[in-house]
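Hello,

Here is the structure I promised to pass on. Please open it alongside this message; my notes follow below.

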Amino acid sequence: MTGTAPAPFTADDYRARMARAAREAAEAGLAGLLVAPGPDLVWLTGYAPTAATERLTLLVLAAGRDPVLVVPTLEAPDAAKAAGAPALSLRDWTDGKDPYAVAAALLDAGGRFGISDNAWAMHLLSLQKALPGASYASLTQVLPMLRAVKDAAELELMAAAGAAADRAFEEIRRVPFAGRRETEVGADLADLLRRFGHSQVDFTIVASGPNGANPHHEVGDRVIEQGDMVVLDFGGLKDGYGSDTSRTVHVGEPTEEERRVHDLVREAQEAGFRAVRPGVACQEIDRAARAVIADAGYGPYFIHRTGHGIGVTTHEPPYMIEGEEQPLVPGMCFSVEPGVYLPGRFGVRIEDIVTVTEDGGRRLNYTTRELVIVD
């Protein structure tokens, strides 16, 4: 049930990404970028080593220079097969040689470089030793928007991942909840995500009754009971791009208060979505959603940011939070997920992934945001 496989990204796609990254680094006053194995390397080159090891693998990008991937000789054949390999040069090194000398020869001795956040400390410290005059900054800090704006092909993949998560919700709402453990429903959710094309399941939160008041409860051995509110939050990667959606269901008929709180969160989520348009600061999405909840007297019970970016990882910049003045740009994708959490009682969260359009926003999740009754 995975549907037609999407067209793969080409060497030209990766060439354009590396050129843009190098250009943006130069505009930020950097001598270049150093990219270790992880999501940045996959996005820039299509290369994902089978296992990150103590052997140095490092993509070196600088404006006006061809991209170079420093790679262990024994892994060079795999690197050469990556979709983006034709757009870069491989510089391999053998065991017994100094890989940091190989990398240092590609760098300006006194330059300031952005380095990917998941680079190993031992590699960064060895680079500092090889080039004591150089300095380094976290890539997330110096170029936080590098992967944030998706092109048309990426948006198609994001939409497909969202649709797959929606299909999982439509199925999970039909399974029995009462009398089963959270872990069992969580396993059902993970199976459904895989059935609908996810290659990686990152989280399946099933937070019932009082557990719903913990936004990151995930799953436990609690047996779901009649009368429980249940927060479902689940997602992962499909064809390399992320899904993440939350819906709150109720086992049997809810109380008047439970309906009121759910309606409040739904109204807040709608307010956050309607605030999305190009040029608006990220913090305004948080403010719009938070104001609805605060005005109703539940402000102290909305205890997390309103949203986070999503792409080749399920959590990345930009963040919809007070103090984040980054303006929204068409092609950005992020969650809008306000919630209310009443300690010892229940919680409610409603979440859609939204992308910025030329004149507003578009949801990538379409399942009902009304309170769903389950058995």
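Strand β11 covers residues 316-320, and four of its five residues are buried, so the strand is largely enclosed by the rest of the structure. Bear in mind throughout that this is a predicted model.

The partner of β11 is strand β10, residues 307-309. The two run antiparallel and are joined by three bridges. H308 stands opposite Y319 of β11.

One backbone detail deserves a look here. The peptide bond between P317 and P318 is cis, with omega at about 5°. P318 itself lies in β11.

**The chain as a whole**

The chain contains 10 helices and 17 strands. Does its radius of gyration agree or disagree with that of a compact globule? For 375 residues, such a globule would come out near 21 Å; the chain has 23 Å, so the two agree. The C-alpha trace spans about 70 × 40 × 35 Å along its principal axes.

Of the 375 residues, 53% are buried. Take the contacts with a sequence separation of 6 or more: 67% of them are between residues 24 or more positions apart.

The largest nonpolar core holds 35 residues. Within it, L33, L44, L59, L61 and L69 have the most contacts. At least two residues each come from α1 (11-27), β1 (32-35), α2 (39-45), β2 (58-61), β3 (68-72), α3 (76-80) and α7 (152-172). Helix α1 gives the most, with five residues.

Leaving out residues up to four places away in sequence, L44 touches Y14, R17, M18, A21, V35, L59 and L61.

There is also a second, separate core, with 21 residues. Among them are A165, A168, V206 and V374.

**Helix α10**

Helix α10 runs over residues 282-295. At 1.5 Å a residue, its 14 residues should span 20 Å. The C-alpha atoms at its ends are 21 Å apart, so the length agrees.

Which residues of α10 are buried? They are C282, Q283, I285, D286, A289, V292 and I293. The cover over these buried residues includes α9 (256-274), β11, β12 (333-336) and β13 (339-342). So β11 comes up again here, as part of that cover.

After α10 comes G297, which has a positive phi, near 90°.

S116 sits in the loop between β5 (112-115) and α5 (121-130). Its relative accessible area is 2%, under the 20% limit, so S116 counts as buried. The S116 side chain reaches the backbone nitrogen of A36 at 2.8 Å. S116 also touches L34, V35, D40 and L139, along with A36, when residues up to four places away in sequence are not counted.

A103 belongs to helix α4, residues 99-104. With a relative accessible area of 0%, A103 is buried. Not counting residues up to four places away in sequence, A103 touches L56, L58, V70 and L127. A103 and L131 are 28 residues apart in sequence, and their C-alpha atoms are 9.9 Å apart in space.

Two residues are worth checking by eye.

E218 has phi near 65°, a positive value in a residue other than glycine. E218 is in the loop between β7 (200-208) and β8 (229-238). Its relative accessible area is 45%, so E218 is partly exposed.

D239 has phi near 50°, again positive in a residue other than glycine. The loop that holds D239 lies between β8 and β9 (241-251). D239 has 38% relative accessibility, so it too counts as partly exposed.

Best wishes

Definitions and conventions:
Residues numbered from 1 in each chain as written. Predicted model: local features only at pLDDT ≥ 70, side-chain atom pairs only at ≥ 80, totals over all residues. Heavy atoms only, no water. Buried < 20%, exposed > 50% of the residue type's maximum accessible area, 1.4 Å probe, protein only. Pairing = 2+ DSSP bridges. Core = buried A, V, L, I, M, F, W, Y, C linked by side-chain atoms within 4.5 Å. Contact = heavy atoms within 4.5 Å. Expected span 1.5 Å × (residues − 1). Polar contact = N/O pair within 3.5 Å; in protein donor to acceptor, adjacent residues only side chain to side chain. Rg over C-alpha atoms; globule rule 2.2 N^0.38 Å.
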